[in-house]
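Look at the backbone of the structure below.

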Amino acid sequence: MPDREQAAENESKDIQPRGRYFMRFTPGQRYLHAVLFTTFLGLAATGLPMRFSESIWARKFASVVGGFGSIIFFHKLFAVVLTLAFLIHVKDVFTRAWVHREKGIFWGSTSMVANWKDVKDLWGHLRWFVGLGPKPRFERYAYWEKFDYWAVFWGMIVIGFSGYAMWFAPFFARFLPGWALNAVLVIHSEEGLLAILFIFSIHFVNTHLRPDSFPMDMVIFTGVESEEEFKHKRALEYERLKAQGKLEAKIAEAPGIWQIKFSKVVGYTAIAIGLVLLVLTLSAYFS
Amino acid sequence: MKIDFFTAFTLGALLVAGSACPANAETDCLSCHGDKSLQDASGHSLCIDAGKFGASLHGSLKCADCHVTIKDYPHPDQVTPAECSSCHADQAAGLAGSVHSVKAEHPCTTCHGDAHAIFPKDDPKSAVYPLNIPRTCGACHGNDAMARKHGLPNVYPMYIDSIHGFALSREGLLVAANCQSCHGSHHILSHKDPQSPTYKSNIPKTCGSCHAGITADYMGGVHGKSIAAGDLKAPVCSDCHTAHAILQPTEAAFRMQSTPICGSCHKDKLSTYRDTFHSQLGALGGYVETARCWDCHGAHGILPASDPRSPVAPANLVATCGKCHAGANASFVQYQPHANARNRKMNPALYFVRLFMNLLLAGTLTFFVIHTMLWLIRSRYDQVKRRAAEGGKNA
């Protein structure tokens, strides 16, 4: 964990007490991510053999798990679980915004909704990449994190709708034109491919494999991160909370050893499966 | 083997030397040839089992009826082989123009067995009894070396594991097709010979001698009409079902192999079928119920969609799709099982959907791959620089 090492190196100079941890994700958000990545891996593992059904590995995989019948069964099972998780999330967002009247859900520094600062951050970040400007300072959710969120959100609607349209084609045919039944397979498979390629390459690198987080960002598993990491990655949020006097309310317990070990096992397994699927996808796509 | 019997007469004749007795008295012949130890110079038995011979189809014949060159005793050492054709002229004539015409390689006894123990073809003891025919033919046509020598497929194993072979060997069905049902018996011709029942354009009639209903159906369809019109590119029974290794068509293995067979001619249709979910499921196996060509188009009497009797005629689509898709309706059957997303003229909506999805995929990935590569390089550079400045390790 380079960041932890760096944190340790910095600690002598740091005036903050050692080892303060801050809550970033609630247990509900972590469970949502767990359900999301488990079902996503399942959907990818069962969807890819269908997309590349002519490839040798797809047929091998199909024969091992019991043929197409079993692949489509699990694909639909994961799809239903993910749909439920998605609907629960949407309900939560609206409950927080309209029932509990929570501020900052749809607008402001803590919102997932993109704003003008995200455009400036993207531009500034690109300039920093090539040495033309300073590194932008980020709020609670950086632009690439918002992109990840909305990519999944849009993907859920697009893949979900096209998937259910194929599953219940005679029903959907009552209000969709005939060509749409042809189009849903194209949409489903292309959007699925995009999601798989994006998550297993871009999301893995942006979130886990880049030097600041390498080899894995544990925060989505443990829910907490060290003060140094917080300050380094999201300086604006840290300063805003400090200025508002809300920082102390975010202090949480350091993650237990078992929690880190468990997270590592789960996280590395997910990343390993994802990378294997990525290699298979690329090999099938370019063959 | 046959020559042995003639040598036996020679020896027999020697034994009763000096006698002028004509050799048509069976007891005289058997006085030598009844001896079990009687052998020719190469050690083959020259003994005739009088009991078996008497019970055989030829039992009422006299020795000299076939062994016509032996008039007297003693008979010469070398005798002319018996000519089956002297009685069986039609069969001999048939054989003469056939693939088995070289007599030295295919004497009658190779198929019919010992002429002294021959039985009618409806007797289960006969080598040409319907249930015994595959084994009889298989003695040569199940032999790899023989198949290679003549450039023929080794057909016996294929046949015996086929639906016809199983019906014959397992169920003992006399009506199951055996070799001669399709190839004939004496006048067997190469499948390249237009007179042969296995010549391409004759195959529907040949199969139709049992499968009359299917052949009638086939002859009414596009393939049958093309064959009848002399177009030999059109498929006949054996093109889809194979000639010898015929499978039960509802079997998974046949369903898996059927699509590429149709696609070997209908290449453009196979290519567009491959793009569909029907094909994707089908290719994975284990779920053989997915629609293959003939589930929609019919198998034998295939008709163009413009024919109102065709299962793919617009008016019949709801019923055809409804075989699998419960609740199929007029809108549902607007689905195109052979849509081509790459063809802008034929399928404009699909073409633009695919174009949009491809641009979205390529655009998103291109932007983020560049973005993330630059980010990786930049943050690694920063990390190394920062650590170096702090005098720590730099990796």
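In chain A, strand β1 (residues 21-23) pairs with β2(A) in the antiparallel sense over three bridges. Strands (E, at least two residues) and helices (H or I, at least four) are DSSP runs, numbered from the N terminus. Two strands pair if DSSP finds at least two bridges between them. Within this pairing, A:Tyr21 stands opposite A:Ser226 of β2(A). Strands of a sheet pair through backbone hydrogen bonds, either parallel or antiparallel.

The model is predicted: local features need pLDDT of at least 70 and side-chain atom pairs count only at pLDDT 80 or more, while totals for chains, interfaces and linings use all residues. Residues are numbered from 1 along each chain as its sequence is written, and chains are lettered from A and ligands numbered from 1 in the order in which they are written.

Three strands of chain A make an open, antiparallel sheet in the order β2-β1-β3. Its edge strands, β2 (224-226) and β3 (251-252), each pair on one side only.

Most residues other than glycine have a negative phi, and most peptide bonds are trans. A:Phe214 and A:Pro215, however, are joined by a cis peptide bond, with omega about 0 degrees. A:Pro215 sits in the loop between α8 (178-209) and α9 (219-222) of chain A.

Phi of A:Arg101 is positive, near 55 degrees. This residue belongs to the loop between α4 (67-99) and α5 (116-129) of chain A. A:Arg101 counts as exposed because it has 8 C-beta neighbours inside 10 Å; the cut-offs are 12 or fewer for exposed, 20 or more for buried, and partly exposed in between, counting other C-beta atoms, placed from the backbone, within 10 Å of the residue's own.

In chain B, B:Thr242 has a positive phi near 70 degrees and lies between α15 (237-241) and α16 (252-263), in a loop. B:Thr242 has 15 C-beta neighbours inside 10 Å, so it counts as partly exposed.
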